[in-house]
Amino acid sequence: MGKIAILAEKPSQARAYADAFKIKHKEKTFIELEPCATFPDGAVISWGIGHLVELKEPKEYKKEWEKWSLDSLPIILEKYEDKVVSNMYTQFNAIKKIFHDPQVTMIYNGCDSGISL
């Protein structure tokens, strides 16, 4: 079956999920669960801390969009690009490492179901 990765919206939500199981190991960026009937090969829970990724600002596409003017509107992009929020690199990289772990065979999205605007 393989190890399960669970992504929670925030740390408190991850702790609440983990409280239902026996914890094998805790780190600053994730909680690892002992194997059990629900997760025979164990599981690892990590979390976002607010938004980990955001859309790039217009000025990051073109220098002339650094200052807004009516002449440059509307800004219509062929392709939208995103970036990691500057103070979220540690958590983003921890999640990325978990998701790319060859022992992880399934990822559960345990985040809120609402759309953030």
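**Cut-offs and calls in a predicted model**

Biologist: What makes Phe21 count as partly exposed?

Modeller: Its relative accessibility is 27%. Buried means under 20% relative accessible area, exposed over 50%, partly exposed in between (1.4 Å probe, protein chains only). So Phe21 counts as partly exposed.

Biologist: What is the basis of these values?

Modeller: This is a predicted model, where local features need pLDDT of at least 70, side-chain atom pairs count only at pLDDT 80 or more, and totals for chains, interfaces and linings use all residues. Residues are numbered from 1 along each chain as its sequence is written, and side-chain values use heavy atoms, without hydrogens and water.

Biologist: Is Phe39 buried or exposed?

Modeller: Phe39 has a relative accessible area of 6%, so Phe39 is buried.

Biologist: Why is the pair of Phe21 and Phe39 called tilted?

Modeller: Rings of Phe, Tyr and Trp (its six-membered ring) pair if their centres lie within 6.5 Å; planes under 30 degrees apart count as stacked, over 60 as edge-to-face and the rest as tilted. Phe21 and Phe39 are 5.2 Å apart, centre to centre, with 55 degrees between the planes. The pair is tilted. A search of the whole structure finds one aromatic pair.

Biologist: What makes up the largest nonpolar core?

Modeller: The core has 11 residues in all, including Ile4, Ala18, Phe39 and Trp47. A nonpolar core is a set of buried Ala, Val, Leu, Ile, Met, Phe, Trp, Tyr and Cys residues joined through side-chain atoms within 4.5 Å.

Biologist: Which residues does Ala18 contact, leaving aside neighbours within four places in sequence?

Modeller: Ile23, Ile31, Leu33 and Ile45. Contact means heavy atoms within 4.5 Å.
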